[in-house]
Amino acid sequence: MAPLTRSMKKKAANSKSRIMQSLPNELLVEVLAKVASNSFNDLYSAKLSCKDFNKMAKEDNIFQRVDMSKFPLVSWRFDDKFSKFLKHCKRCGNEEALYRQGLRDIFRGKRVQQGITCLKKAASKGHVEATYVYGAILVCFGGESKQEGLELLYSLNHYKPKGFSVRECRERVKGLVRNMWADRKVVGKIVQARHETAIAKTCSDCGNRQEIFTVERGWDPLDHENFSSCNTCRWHQEVNIFRDILNDSCTPLY
């Protein structure tokens with residue numbers, strides 16, 4: 001096949017442009033949003049491929065749905081463009097951006113209450129890891145928050161028919177939290193609160209003591225599904241595992 005001449009390439013580009021211009025903007029935005037939700041790299045490639053895509057990629061709906069899995073939780077090198085991009089995603093209600101901002105604000109000890117708010121927003125949008133972390137923190141602090149936290153954790157059971165795995169969710173949370181060196185004071189408050197609310201308490205559903213039944217029964221404490229037939233016991237044990245993840249993620253003592 002003979003190579004394309006310059007005039008042939010220009011003609012093909014003009015034809016492509018006419019096709020794109022004939023499509024409604026709403027459709028272009030929806031196509032880009034779908035691309036963005038699967039891969040940021042693909043979104044970037046789409047922007048470079050077409051002027052219309054590049055223009056439409058600035059819509060808030062794109063930032064709301066863009067995939068952020070390839071971005072680091074903590075950037076050790078300041079990048080103004082990257083920082084603005086993340087803030088824009090958060091303002092547009094991107095679930096993953098809210099979740100990650102929540103983790104940074106809480107576990108770096110800078111803006112704990114703002115971090116809780118971000119986690120709550122992400123959880124309300126159905127973000128499973130945010131629901132896991134926010135629910136576990138509420139259970140740790142006990143009181144009126146405990147039941148709210150348990151209800152959030154119970155809600156994750158609804159995702160199991162869709163392939164949701166508590167162990168996989170936990171590992172994703174662990175992978176992010178351990179890469180940021182959590183503030184020891186903040187973690188200490190959560191861990192201490194968990195100890196005070198759980199010690200010597202019994203499960204309201206089955207009567208087992210929440211702190212010692214792992215030893216008595218000999219089950220693998222990391223195996224959420226087979227740990228216990230009691231849903232409440234399983235999630236209390238999961239909160240204990242979350243507490244241990246936080247302990248392991250603390251900044252080192254020198």
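**Helix packing in a predicted model**

Among contacts in the chain between residues at least 6 apart in sequence, 64% join residues at least 24 apart. The model is predicted. The chain contains 15 helices and 0 strands.

**The chain as a whole**

- Of its 254 residues, 44% count as buried.
- The chain has an accessible surface of about 14,800 Å², and carbon and sulfur atoms account for 52% of that surface.

**Helix 7 and helix 8**

- Helix 7 spans residues 95-107 and helix 8 spans residues 112-124; they pack at an angle of about 155°, and their axes are 7 Å apart.
- Angles over 145 degrees count as roughly antiparallel, so helix 7 is roughly antiparallel to helix 8.
- Helix 7 contributes residues including Leu98, Tyr99, Leu103 and Ile106 to the contact, while those from helix 8 include Val112, Ile116, Cys118 and Leu119.
- The residues of this contact comprise 9 nonpolar, 4 polar and 3 charged.
- The crossing of helix 7 and helix 8 is left-handed.

**Helix 11 and helix 15**

- Helix 11 (residues 166-177) packs with helix 15 (residues 231-248) at an angle of about 20°, with the axes 10 Å apart.
- Angles under 35 degrees count as roughly parallel, and helix 11 and helix 15 are therefore roughly parallel to each other.
- On helix 11, the contact is made by Val166, Arg170, Val173, Lys174 and Val177; on helix 15, it is made by Trp235, Glu238, Ile241, Phe242, Ile245 and Leu246.
- In the contact of helix 11 with helix 15, 8 residues are nonpolar, none is polar and 3 are charged.
- Helix 11 and helix 15 cross in a right-handed manner.

Key. Residues are numbered from 1 along each chain as its sequence is written. This is a predicted model: local features need pLDDT of at least 70, side-chain atom pairs count only at pLDDT 80 or more; totals for chains, interfaces and linings use all residues. Side-chain values use heavy atoms; hydrogens and water are left out. Axes are lines fitted to C-alpha atoms, for helices over the stretch in contact, and angles run from 0 to 180 degrees between N-to-C directions. Helices (H or I, at least four residues) and strands (E, at least two) are DSSP runs, numbered from the N terminus. Angles under 35 degrees count as roughly parallel, over 145 as roughly antiparallel, 65 to 115 as roughly perpendicular and the rest as oblique. A crossing is left-handed if the near helix is turned anticlockwise from the far one by less than a right angle, and right-handed if clockwise. Contact means heavy atoms within 4.5 Å. Ala, Val, Leu, Ile, Met, Phe, Trp, Tyr, Cys and Pro count as nonpolar, Asp, Glu, Lys and Arg as charged, and the others, Gly among them, as polar. Buried means under 20% relative accessible area, exposed over 50%, partly exposed in between (1.4 Å probe, protein chains only). Accessible areas come from the Shrake-Rupley method with a 1.4 Å probe; for residues, only the protein chains shown count as cover.
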